[in-house]
Amino acid sequence: MNPPPLIPPLKCQGIKTRLTGEIQRLAQAREFDRWVEPFCGSCVVALNVQPKRALLADSNVHIIRLYQEIQRGELTPALAKAFLVEEGERLRIGGESHYYGVRERFNIRPSSLDFLFLNRSCFNGVMRFNRRGKFNVPYGHKPERFAQAYITKITNQIRRISEAISACDWTFVAADFRQTLASAQSGDLVYADPPYAGRHVDYFNSWSETDEAELGDLLKQLPGRFILSTWHSNEFRTNATIERHWNDPRFHLLTREHFYHVGSTEDLRHPMVEALITNFPVGPQAEEVEAKEQMAFFETTAPHDSAPAPR
Ligand SMILES: C[S@@+](CC[C@H](N)C(=O)[O-])C[C@H]1O[C@@H](n2cnc3c(N)ncnc32)[C@H](O)[C@@H]1O
């Protein structure tokens with residue numbers, strides 16, 4: 001049995017915790033020099049693939065700052081524990097007003113500890129910023145949020161990922177995906193997990209059809225290999241982009257069901273079939289499944305839709 005996945009201290013929409021095993025299997029299929037993630041988000045995938053060298057990038061500067069501080073030993077488990085004990089007690093007493101005070105403080109002068117606190121006490125653990133780049137998720141209405149066991153869980157997560165990062169040669173950068181992909185080399189394996197068009201639109205997540213098409217073109221021109229995550233279908237429709245961009249014998253499609261827990265409304269919590277698209281074959285057993293799935297997908301009679309997918 002596989003060990004449970006390493007869980008990062010940050011939660012974000014579209015987190016791929018349940019896909020890490022499958023992505024790890026694909027990553028292990030061939031050797032690569034460096035793992036490149038232009039949309040690293042919570043970093044759960046890299047943390048579980050555990051590549052020796054990696055470039056982990058995201059447009060969200062707050063995520064990148066937090067990981068850089070953990071890497072430099074500035075944000076330690078002990079520091080996080082002391083901070084969450086103190087702020088947790090203030091939350092218990094002050095509730096909503098304390099939460100909004102921390103939110104305001106973070107929006108004036110961003111800090112990783114405040115970011116962690118907000119991420120863990122906001123409504124449904126969503127990560128959302130307004131057009132001016134200000135964190136705007138309301139209070140989660142859990143004044144007792146930072147109980148001792150919960151703080152221990154978070155500090156253990158920081159400890160484990162700090163150990164994982166220090167054992168590897170990883171670089172964290174705040175960058176647009178175009179910049180990250182421009183630096184890709186032939187020995188790299190790129191794992192791209194972009195936002196899904198039309199969903200969770202915010203300051204760091206405005207994803208358009210143009211972005212989608214540009215990403216597709218850049219991936220096709222890469223000198224090395226890639227794995228692309230996208231949505232495949234849900235009970236209502238299938239993703240027309242897959243057929244438009246990736247219905248080509250050079251590319252390989254795998255599908256897996258994935259249930260999203262992080263979301264503010266019920267319609268963000270529907271089960272959905274995730275797709276992994278690669279530009280390399282993925283092993284005999286997988287290929288067999290893949291061929292059937294690919295055929296089933298392209299022969300599907302479900303209406304195709306390029307409109308925003310409920311997730
Ligand atoms: C679906 S999430 C990635 C989730 C990640 N794989 C995980 O498991 O946590 C997409 C990420 O893309 C980032 N992003 C959105 N637009 C971007 C852009 N133009 N360039 C780089 N990153 C971007 C968002 O900040 C978000 O963290």
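A residue counts as near a molecule if its C-beta atom, placed from the backbone, lies within 6 Å of it. Keep that in mind as we look at this predicted model, starting with its ligand.

**Around the ligand**

The ligand has 21 residues around it, and G14, K16, F39, G41 and S42 come nearest. What kinds of residues make up this shell around the ligand? It divides into 11 nonpolar, six polar and four charged residues.

**Strands side by side**

Now let's follow strand β2, which spans residues 53-58. Five of its six residues are buried, so the strand is mostly covered: each of those five has 20 or more other C-beta atoms within 10 Å of its own. Strand β2 pairs with β1 (residues 34-37) and also with β3 (residues 169-174). The table sets out the two pairings.

| Strand pair | Direction | Bridges | Residues standing opposite each other |
|---|---|---|---|
| β1 and β2 | parallel | three | E37 and L56 |
| β2 and β3 | parallel | six | A57 and V173 |

A helix belongs to this picture too: β1, helix α2 (residues 44-49) and β2 together make a right-handed β-α-β unit.

Notes. Residues are numbered from 1 along each chain as its sequence is written. This is a predicted model: local features need pLDDT of at least 70, side-chain atom pairs count only at pLDDT 80 or more; totals for chains, interfaces and linings use all residues. A residue is buried if 20 or more other C-beta atoms lie within 10 Å of its own, exposed if 12 or fewer, and partly exposed in between; C-beta atoms are placed from the backbone. Helices (H or I, at least four residues) and strands (E, at least two) are DSSP runs, numbered from the N terminus. Two strands pair if DSSP finds at least two bridges between them. A crossover is right-handed if, with the strands pointing away from the viewer, the path from the first strand over the helix to the second runs clockwise. Ala, Val, Leu, Ile, Met, Phe, Trp, Tyr, Cys and Pro count as nonpolar, Asp, Glu, Lys and Arg as charged, and the others, Gly among them, as polar.
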